[in-house]
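Subject: Model handover and notes

Hello,

Here is the structure I promised to pass on. Please load it before reading the notes.

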Amino acid sequence: MNREVLSLQLSDVDVGALKEVPYEFSRNNRFLVYKREDNRLFGLVCDDNGILALRDIAKNLGLYFEYGFCPEETLLSLLNQAYSLVPSAETVMGEISGEDLKMFSQSAELPKDLLELKDEAPVIKLLNALFLEAVKERASDIHIEPYERELEVRFRVDGILKKLITPPKIIQDPLISRIKVLANLDIAEKRLPQDGRIRLIVGGKDIDIRVSIIPTFFGERAVLRILDRMKGV
């Protein structure tokens, strides 16, 4: 094993190798698995704790391991960027079918950090992807607008609304219901406006989402305002 300083770019990280380690464990122990090749696991660390964690992961997988060092700030930045390479909302939307909607879960539990995404029901994956993409795009609002035959999802970025995806009408009720569950709102109430709040973490950032559900002629409309608590917005 070589004790050397590495200077890696995001393009050097094999996204497939990230599947070996949950985001939360990697972040807490300050290491990043950036490549798996043959019988070896390659990692980036900033201290001895990261070496020990990488060693344990490699041992559990029956692999040898190698590592290099970099400053902690650099490691965390690269780690967050790497784990952010998850499917976009548009990609997730393409995976959803009518049969998938039967898998919709009313569990109100969110991952501790949305970068620690797991294989969830498609509607849950879609909403998580929307949250993550909105934060990455620095959107101030997410608008979910119902129409007669479809749903439209738009982000407000720098004061301008832009269309992101147009899901089929069949996904409207499960998606709005999922938002209501997370915001502790009444799922059964569809005729009166409701306001709530969702708190989540993305890449270590504490994010508040103010939720407004408004009944319309074509169903319920949702406006989600995104507030970065660290900025005191």
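First, the ground rules. This is a predicted model, with local features needing pLDDT of at least 70, side-chain atom pairs counting only at pLDDT 80 or more, and totals for chains, interfaces and linings using all residues. Residues are numbered from 1 along each chain as its sequence is written, and side-chain values use heavy atoms, with hydrogens and water left out.

Whole chain

The protein chain has seven helices and 10 strands. Both are DSSP runs, numbered from the N terminus: helices are H or I with at least four residues, strands are E with at least two. Of the 233 residues, 48% are buried. Here buried means under 20% relative accessible area, exposed means over 50%, and partly exposed is in between, with a 1.4 Å probe and protein chains only. The chain exposes about 12,500 Å², and carbon and sulfur atoms supply 47% of that area. Accessible areas come from the Shrake-Rupley method with a 1.4 Å probe; for residues, only the protein chains shown count as cover. Among contacts with a separation of 6 or more, 52% join residues 24 or more positions apart. Contact means heavy atoms within 4.5 Å.

Helix α6 against helix α7

Helix α6 spans residues 122-136 and helix α7 spans residues 172-182. They pack at an angle of about 70°, with axes 10 Å apart. Axes are lines fitted to C-alpha atoms, for helices over the stretch in contact, and angles run from 0 to 180 degrees between N-to-C directions. The pair is therefore roughly perpendicular. The cut-offs are under 35 degrees for roughly parallel, over 145 for roughly antiparallel, 65 to 115 for roughly perpendicular, and oblique for the rest. On the α6 side, the contact is made by Val-123, Ile-124, Leu-127 and Phe-131. On the α7 side, it is made by Pro-174, Leu-175, Arg-178, Ile-179 and Leu-182.

Around α7

How many of the residues of α7 are buried? The count is 10 of the 11, so α7 is largely enclosed by the rest of the structure. Gln-172, Ser-177, Arg-178 and Lys-180 are among the buried ones. The cover over the buried residues of α7 includes α6, β5 (141-146), β6 (151-157), β8 (194-202), β9 (205-216) and β10 (219-228).

Ile-176 is found in α7. It counts as buried, at 2% relative accessibility. Leaving aside neighbours within four places in sequence, Ile-176 is in contact with Ile-144, Ile-213, Glu-220 and Ala-222. Ile-176 and Ala-222 are 46 residues apart in sequence, yet 7.2 Å apart in space, C-alpha to C-alpha.

Backbone and surface

Most residues other than glycine have a negative phi. Some entries here have a positive one.

- Arg-138 has a phi of about 60°. Arg-138 sits in the loop between α6 and β5, and counts as exposed at 72% relative accessibility.
- Asp-158 has a phi near 55°. Asp-158 sits in the loop between β6 and β7 (160-165), and counts as exposed at 74% relative accessibility.
- Asn-184 follows α7, with a positive phi near 60°.

At 69% relative accessibility, Val-5 counts as exposed. Val-5 and Pro-71 are 66 residues apart in sequence and 9.1 Å apart in space, C-alpha to C-alpha.

Best wishes
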